[in-house]
Amino acid sequence: LDSHQQRLLTGAALTVPLVAVLAAGPYWMIAAIVGLASVAGLWELHRMLFAEPLGRSWQALYLAIGLSLPVGAFLGGFQGLHAALVGAILSGLLALLLFSPLDPAGLSRLARFSLSWLYVPYLLSYALLIALQAEGARWLLFIFAVIATDDIAAFYCGGRFGRHKLYPTVSPKKTIEGSLGGLLGSLAIGTLYGSIWLSAASTCQIVLLSAVLGVAGQVGDLFESMIKRSSGRKDSSSLLPGHGGILD
């Protein structure tokens, strides 16, 4: 199989069970997916942020503290997530004091840990907070549909019409035409989905939110590309054939 076929097969293999869980699965199953994605994303990020692999003790601490964020959200909602975030930062400080107080690289390591915890498990944990709201499953599917459409439409529009580079310093293949195609796709699918399944929101609100999500998705993609380029990696990992890793 070529990379494009692998991309399609992997996308389908992930999308079908994920949509099924978001649409009809129990809350604990959504939490399990968020927890697994958090651990995988943290592992990939650690490999990009640290030129030398961390020792096993630091890796275990890094992953365990990161996992405490979705656990906090699962057990205590908004308050639980932010209590876990405070606990994560304090635990990182305590670990630095106890295990490497005079290590010149200690503060840099803690800063990278903190960025990783905020970037991956903290933001992912908002899926659990959304799932608890009225029509939460429908809103999660809305977010998933808009972001996925943004990525797919940008990929194909860029390949077909792309002429002008969007941000070659960070991502040489992305084009302005692809970006605009992705945003238009986000608006179209978001408006269609919202008009059918999100009765609590007005059309204006759905259009605005679709646009914000489309832009946020592309900014997030560029940020992850920046991390990969700065670490000399093409993909965050080889976990997902045709796509790269969880972060990709």
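Select S125: apart from neighbours within four places in sequence, S125 is in contact (heavy atoms within 4.5 Å) with V34, L69, P70, A73 and L81. The model is predicted, so local features need pLDDT of at least 70 and side-chain atom pairs count only at pLDDT 80 or more, while totals for chains, interfaces and linings use all residues. Residues are numbered from 1 along each chain as its sequence is written, and side-chain values use heavy atoms, with hydrogens and water left out.

S125 lies in the loop between helix 4 and helix 5 (126–131); helices are DSSP runs of H or I with at least four residues, strands are E runs of at least two, and both are numbered from the N terminus. S125 counts as buried because its relative accessibility is 0%, the cut-off being under 20% relative accessible area with a 1.4 Å probe and protein chains only.

Next, select helix 2 (residues 27–49) and helix 4 (residues 106–124), whose axes come within 9 Å and cross at roughly 150°. Axes are lines fitted to C-alpha atoms over the stretch in contact, and angles run from 0 to 180 degrees between N-to-C directions. Helix 2 is therefore roughly antiparallel to helix 4, a term for angles over 145 degrees. To the contact, helix 2 contributes V34, A37, S38, G41, L42, L45 and L49, and helix 4 contributes R112, S116, W117, Y119, V120, P121 and L124.

Finally, select helix 7. Its buried residues include E177, G178, Y193 and G194. The buried residues of helix 7 pack against helix 6 (136–161), strand 1 (165–167), strand 2 (171–175) and helix 8 (203–231).

Conventions:
Parallel < 35°, antiparallel > 145°, perpendicular 65-115°, else oblique. Buried < 20%, exposed > 50% of the residue type's maximum accessible area, 1.4 Å probe, protein only.
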